[in-house]
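Q: I'd like to go through this entry with you one topic at a time. Please start with the terms and then move to the details.

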Amino acid sequence: MNEKRSAWLEQAIASHEPALFRLCFAYLGDAALAEDAVQETFVKAYKGYDRYCRESEEKTWLTRIAINTCKDIRKSAWFRHVDRSTALESLPEEMMPFTERDDTLIRAVMGLKPRLREVVLLHDGQGLTAEETANALGIARSTMYKRLTKAHQLLRKELEAWYHDR
């Protein structure tokens, strides 16, 4: 069984590590913390492999673990007492290069309330379906749609104001 689990882990890392790293970086704003969160995600997934019931997609399951890991890190006393403000120039290479408009969009998304930001990052940023996004966040699909609609409205308003102010 351990050989099967180890083979699965290697495949999962190869398939999902870059996307999980970008997600964790967006949550945590720090490359080192994001790397730690991704490693912890795969450790938890490896340990929970037998309990994984395959009711959801592997990507959704791993995303859920990563989100919860990031939330745990953000709740830690250390994280609350450290300045986590991150310059966009320090984003991982796969997210570069930025144009002026990309910078504005990213700042707008990161300025959303966490519940709204989560659905935008997962649905629009990671390309998860509505069902996968809802499952990853542990919410109803209707709730996911409400949050996504609200986030899009806020982003549209902010980005239209930015565009007209140029």
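A: Buried means under 20% relative accessible area, exposed means over 50%, and partly exposed lies in between, computed with a 1.4 Å probe on protein chains only. Helices (H or I, at least four residues) and strands (E, at least two) are DSSP runs numbered from the N terminus. This is a predicted model, in which local features need pLDDT of at least 70 and side-chain atom pairs count only at pLDDT 80 or more, while totals for chains, interfaces and linings use all residues. Residues are numbered from 1 along each chain as its sequence is written, and side-chain values use heavy atoms, with hydrogens and water left out.

Q: OK, how many helices and strands are there?
A: The protein has eight helices and zero strands, so its elements run α-α-α-α-α-α-α-α from the N terminus on. Of its 166 residues, 40% count as buried.

Q: Which residues of helix 3 are buried?
A: They are Glu58, Thr60, Trp61, Leu62, Thr63, Ile65, Ala66, Ile67, Thr69, Cys70 and Ile73.

Q: And what span should helix 3 have?
A: The expected span of a helix is 1.5 Å times one less than its number of residues. For the 18 residues of helix 3 that gives 26 Å, which agrees with the 26 Å between its end C-alpha atoms.

Q: Switching topic, what is the mean pLDDT?
A: The mean pLDDT, the predictor's confidence in each residue on a scale from 0 to 100, is 80 for the protein, and 78% of the residues reach 70 or more.

Q: Which residues have the most contacts inside the largest nonpolar core?
A: A nonpolar core is a set of buried Ala, Val, Leu, Ile, Met, Phe, Trp, Tyr and Cys residues joined through side-chain atoms within 4.5 Å. The largest one has 44 residues, and those with the most contacts inside it are Trp8, Leu62 and Val120. Two or more residues each come from helix 1 (2–28), helix 2, helix 3, helix 5 (100–110), helix 6 (114–125), helix 7 and helix 8 (141–165), with helix 1 giving the most, 11 residues.

Q: What does Trp8 touch?
A: Leaving aside neighbours within four places in sequence, Trp8 is in contact with Ala45, Tyr46, Tyr49, Glu58, Trp61 and Leu62. Trp8 is itself buried, because its relative accessible area is 9%.

Q: How many aromatic pairs are found?
A: Rings of Phe, Tyr and Trp (its six-membered ring) pair if their centres lie within 6.5 Å, and planes under 30 degrees apart count as stacked, over 60 as edge-to-face and the rest as tilted. A search of the whole structure finds three such pairs. In one of them, the rings of Trp8 and Tyr49 have centres 5.1 Å apart and planes at 45°, so the pair is tilted. This pair links distant parts of the chain, with Trp8 in helix 1 and Tyr49 in the loop between helix 2 and helix 3, 41 residues apart.

Q: Is Tyr49 buried or exposed?
A: Tyr49 counts as buried, at 6% relative accessibility. The rings of Trp8 and Trp61 are also tilted, because their centres are 5.8 Å apart and their planes at 50°, and here Trp8 in helix 1 and Trp61 in helix 3 are 53 residues apart. Trp61 is buried at 16%, and Trp8, Tyr49 and Trp61 form one aromatic cluster.

Q: Why is helix 7 largely enclosed?
A: Six of the eight residues of helix 7 (residues 130–137) are buried, so the rest of the structure largely encloses it. The buried ones are Ala130, Glu132, Thr133, Ala134, Ala136 and Leu137, and just after the helix Gly138 takes a positive phi of about 70°.

Q: Last one, what does Glu57 touch?
A: Not counting residues up to four places away in sequence, Glu57 touches Tyr52 and Glu132. Glu57 and Glu132 are 75 residues apart in sequence and 7.5 Å apart in space, C-alpha to C-alpha.

Technical notes
Contact = heavy atoms within 4.5 Å.
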